[in-house]
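Please take a moment with the sequence and the three-dimensional picture below before reading on. The briefing then goes through the structure topic by topic.

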Amino acid sequence: MAAKLGNKQASDRRKKAERRGRRAEFAAIIALLIKGYRISAWRYRTKLGEVDIIARRGTLIAVIEVKARPTVAECVDAVTRTAQSRIAAAADHWLARQKAPHEHSVRYDIMAVCPWRWPEHLEDCW
């Protein structure tokens with residue numbers, strides 16, 4: 001019985017984290033649209049990794065990792081080297097499927113979503 005309760009609590013936490021992540025991504029998309037970006041992909045998944053948002057503005061392609069944490073510093077710290085590698089691999093996969101990918105410049109950004117604040121767009125993080 002105790003094991004079932006533990007699994008249920010873990011499942012509930014995962015569901016809450018998933019909902020919080022989706023809300024953060026939605027807030028990030030709104031902020032990016034207001035800044036003039038066009039969303040090319042949202043939650044782009046491959047076997048190599050996942051990119052939260054791929055956005056374009058002119059010839060720039062921004063590969064954006066969204067983090068929801070209490071502070072901006074915690075958001076930045078949450079994007080580890082391993083995560084950066086997975087994100088870059090997934091972004092490379094997406095780029096390879098585009099027409100004339102060499103005509104675009106690519107930048108890796110973080111959108112920090114903190115409680116009761118507008119999402120903060122940190123450009124060229126790695």
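The structure is a predicted model, and every value below was computed from it. The chain holds three helices and five strands, and when it is read along the sequence these elements follow the pattern α-β-β-β-α-α-β-β. Of the 126 residues of the chain, 38% count as buried, and the C-alpha trace spans about 60 × 35 × 20 Å along its principal axes.

- On the surface, Lys15, Lys16, Arg19, Arg20, Arg23 and Arg69 gather in a patch of positive charge.
- The side chain of glutamate 25 makes a polar contact with the side chain of tryptophan 42, at a distance of 3.0 Å.

**Salt bridges**

- How many salt bridges does the structure hold? There are nine salt bridges in the structure, and the points below describe some of the residues that take part.
- One of them joins the side chains of glutamate 18 and arginine 22, with a distance of 3.3 Å from N to O.
- Both glutamate 18 and arginine 22 lie in helix H1, where they are four residues apart, which is about one turn of the helix.
- Glutamate 18 counts as partly exposed because its relative accessibility is 36%, and arginine 22 is likewise described as partly exposed because its relative accessible area is 41%.
- Lysine 35 forms a salt bridge with glutamate 123, and the closest N and O atoms of this pair are 3.8 Å apart.
- This pair links distant parts of the chain, since lysine 35 is in the loop between H1 and strand E1 (38–45), while glutamate 123 is in the segment after strand E5 (120–122), and the two are 88 residues apart.
- Lysine 35 counts as partly exposed because its relative accessibility is 36%, and glutamate 123 counts as partly exposed because its relative accessibility is 41%.
- Glutamate 123 also forms a salt bridge with arginine 107, in which the closest N and O atoms are 3.7 Å apart.
- Arginine 107 is buried, because its relative accessible area is 14%.
- Salt bridges that share partners join Glu18, Arg22, Glu25 and Arg43 into one network.

**Residues with a positive phi**

- Tryptophan 116 has a positive phi of about 60°, although this residue is not a glycine.
- The place of tryptophan 116 is in the loop between E4 and E5, and tryptophan 116 counts as exposed because its relative accessibility is 89%.
- Aspartate 124 is a residue other than glycine with a positive phi, and its value is near 55°.
- Where is aspartate 124 found? Aspartate 124 is found in the segment after E5, and aspartate 124 is exposed because its relative accessible area is 55%.

- Alanine 91 lies in helix H3, which covers residues 81–96.
- Alanine 91 is buried, because its relative accessible area is 0%.
- Alanine 91 and tyrosine 44 are 47 residues apart in sequence, while in space the distance from C-alpha to C-alpha is 8.4 Å.

Notes. Residues numbered from 1 in each chain as written. Predicted model: local features only at pLDDT ≥ 70, side-chain atom pairs only at ≥ 80, totals over all residues. Heavy atoms only, no water. Patch = residues over 30% accessible without salt bridge, like charges linked within 9 Å, V, L, I, M, F, W, Y side chains within 5 Å. Areas by Shrake-Rupley, 256 points an atom, 1.4 Å probe, with all protein chains shown as cover. Salt bridge = Lys/Arg side-chain N within 4 Å of Asp/Glu carboxyl O. Lys, Arg positive; Asp, Glu negative; His and termini not counted. Charge placed at Lys NZ, Arg CZ, Asp CG, Glu CD. Polar contact = N/O pair within 3.5 Å; in protein donor to acceptor, adjacent residues only side chain to side chain. Buried < 20%, exposed > 50% of the residue type's maximum accessible area, 1.4 Å probe, protein only.
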